[in-house]
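Here is a short briefing on one structure. Take a look at it before reading the notes.

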Amino acid sequence: MKIATYNVNGVNGRLPVLLQWLKESAPDIACLQELKAPEEKFPLQAINDAGYEAIWHGQKSWNGVAILSKVGKPAEIRRALPGDSEDMHSRYIEADVAGIRIGNLYLPNGNPAPGPKFDYKLAWFKRLHAHAKKLLAEDIPVILLGDYNAIPTEMDVYKPESWVKDALFFPETREAYAKLVALGWTDALRKMHPNEKIYTFWDYFRQAYARNAGLRIDHLLLSSHFDKKLIAAGVDSHVRGWEKTSDHAPTWIEIKPVAKPRTS
DNA sequence: ATGCCGTGGAAACCACGA
């Protein structure tokens, strides 16, 4: 079973690229971020025609997350990260799909840092940490994936020194990510490729993709239930080279099937 | 050193992204 995360940077503007990638890569479950579309403008028909069912949490202009599946319609658990009822950004959606709890997230960027936007990022990280802890305590197979807007280590950025003052690489951000993983999650891409340069994002300008000036900021975190089930992990980086493409590339894992929980 | 590009929405610029 293949599970992917892809920050599309506008689901309608990106539709041809998204459909081409779905056809070519054929993930069983695809989690999207940055829909940049209100609830009613989600291109459900085109996604259905591509063979996927979907649930989504849209918002006018910004943010927005969706879970696509061709292994049964996602059964929605929640569409907001607990901990702040005032937070109106559509940045989280969680569902059960094929016996797996899927938490799809779009963590705030946080720039400029320091400042109120960075405070919001750290507060969001804190809420994610608390929720991630609860999910692990449930002892069910969970994958927390998405655009974390966090560069975990120096290994995950083409030129660390030019990012030290950026919210994606601030010490607080790295620490928050490390603390989250330390709860008991496995960073799937790093686990499968411990010594490789792996990037999931390249800026649109300065020919970043051509220079391979990238960042690894899209992550798939796995609960221990997948320790012996993870087969492969990778980035469809060639998609970043397509016309009218997102600045992120689809990032995926391949796992052995999970036994569906007994229905009582 | 820098949104230099890109998207969406409102209004021919601005907010936002990483």
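Which residues in α3 meet which residues in α4? This is a predicted model. In α3, the residues are L122, F125, L128, H129 and A132. They meet E172, A176, K179 and L180 in α4.

**Helix pair**
- Helix α3 covers residues 116–137, and helix α4 covers residues 171–182.
- The two helices pack at an angle of about 5 degrees, with their axes 10 Å apart.
- Angles under 35 degrees count as roughly parallel, so α3 and α4 are roughly parallel to each other.
- The residues of the contact of α3 with α4 comprise 6 nonpolar, 1 polar and 2 charged.

**Sheet**
- Six strands, 6 in number, form an open sheet with mixed pairing.
- The strand order is β5-β6-β7-β8-β12-β9.
- Strands β5 (75–78) and β9 (186–187) are the edges, and each pairs on one side only.
- Strand β9 is joined to β12 (residues 218–222) by 2 bridges.
- Strands β9 and β12 run antiparallel.
- T186 stands opposite L222, which lies in β12.

**Surroundings of DNA strand B**
- DNA strand B is surrounded by 24 residues.
- The closest are G10, G13, K36, N111 and Y204.
- By class, the surface near DNA strand B has 8 nonpolar residues, 9 polar residues and 7 charged residues.

Terms used: Residues numbered from 1 in each chain as written. Chains lettered and ligands numbered in written order. Predicted model: local features only at pLDDT ≥ 70, side-chain atom pairs only at ≥ 80, totals over all residues. Near = placed C-beta within 6 Å. Nonpolar A, V, L, I, M, F, W, Y, C, P; charged D, E, K, R; others polar. Pairing = 2+ DSSP bridges. Helix = DSSP H or I, 4+ residues; strand = E, 2+ residues; numbered from the N terminus. Axes fitted to C-alpha atoms, helices over the stretch in contact; angles between N-to-C directions. Parallel < 35°, antiparallel > 145°, perpendicular 65-115°, else oblique. Contact = placed C-beta atoms within 7 Å.
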